[in-house]
Amino acid sequence: VTGLADRSLLASDVGGPVATYRMLDTVQTVARRWLTADPAGDAVHRRHARAITDAALAVDLLLRSPDEPTGRRRLDEIVAEVRQAHRWARMHDPGLADRLGAALHLASYGRLWSEPGAWGAEVLAAADAATDALAGSRLLVAGAAANAARLDVARAEGERVLASTDDPRLCGIAHEILSDVAIYTGRLDDCAVHV
């Protein structure tokens, strides 16, 4: 990696506690063309999307901790990679797109970042309409709907998540959205149930 930076193929920041490297846009463009033509390109994209999903999960944990500012900075550093990874996953691996989407809920919901909600809607639109899977994408849609005051959509998707999974993390997110919807509609008893 340092050799690539020495040859000006990567931009480096070695001044902080952890050295970081970023591929230059022109290098990315050329590399993407080569990768598209390479038969191994699909496997590389899949590894990238998995690595970014792991990074997004780590950010999600930081956002839920006293070290939230570090999580916000880390998300800002990887947001372009998140966009690229989710775009690839939406087209090639909806399950991976769903896992990445679930990792982005707090980052998108808390910052009114609507883009991931649209990604979740794309994943659901491409899936079988009757499927109860894809809870991460449903949560993105529910959060975006709650932020946009489309409370019926937020409630329906949140309830669908609760009916389809027993994953405590995903259920906790669904309850958070449903409690917000209950507050917005003045149903304090329902809010207390979800809290």
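**A pair of rings and its surroundings**

Tutor: W113 and W119 are both buried, where buried means under 20% relative accessible area, exposed means over 50%, and partly exposed is in between (1.4 Å probe, protein chains only). This is a predicted model, in which local features need pLDDT of at least 70 and side-chain atom pairs count only at pLDDT 80 or more, while totals for chains, interfaces and linings use all residues. Residues are numbered from 1 along each chain as its sequence is written, and side-chain values use heavy atoms, with hydrogens and water left out.

The rule for an aromatic pair takes rings of Phe, Tyr and Trp (its six-membered ring) with centres within 6.5 Å; planes under 30 degrees apart are stacked, over 60 edge-to-face, and the rest tilted. The count by this rule is one aromatic pair. W113 and W119 form that pair, with 6.0 Å from centre to centre and 80° between the planes, which makes it edge-to-face.

Now the rest of the chain. The protein chain has ten helices and two strands; these are DSSP runs numbered from the N terminus, with helices H or I of at least four residues and strands E of at least two. In sequence order the pattern is α-β-β-α-α-α-α-α-α-α-α-α. The C-alpha trace spans about 60 × 40 × 25 Å along its principal axes. Of the 195 residues in the chain, 38% are buried.

Helix 3 covers residues 41–63, and its 23 residues at 1.5 Å a residue should span 33 Å; the end C-alpha atoms are 32 Å apart, which agrees. The expected span is 1.5 Å times one less than the number of residues. Its buried residues include H45, A49, I52, A56, V59 and L63. An α-helix has 3.6 residues a turn, so residues three or four places apart point the same way. Among the elements that cover the buried residues of helix 3 are helix 2 (25–37), helix 4 (68–92) and helix 9 (168–184).

Helix 9 also holds A174. A174 is buried because its relative accessible area is 0%. Leaving out residues up to four places away in sequence, A174 touches L139, G158, V161 and L162, a contact being heavy atoms within 4.5 Å. The C-alpha atoms of A174 and G158 are separated by 4.9 Å, though the two residues are 16 apart along the chain.

E157 belongs to helix 8. E157 counts as buried because its relative accessibility is 15%. Apart from neighbours within four places in sequence, E157 is in contact with L124, R138, V141 and A142.

A149 sits in the loop between helix 7 (135–147) and helix 8 (151–164). A149 counts as exposed because its relative accessibility is 60%. It has a positive phi of about 65°, although A149 is not a glycine. S8, also not a glycine, has a positive phi of about 65°, and S8 lies in the loop between helix 1 (2–6) and strand 1.
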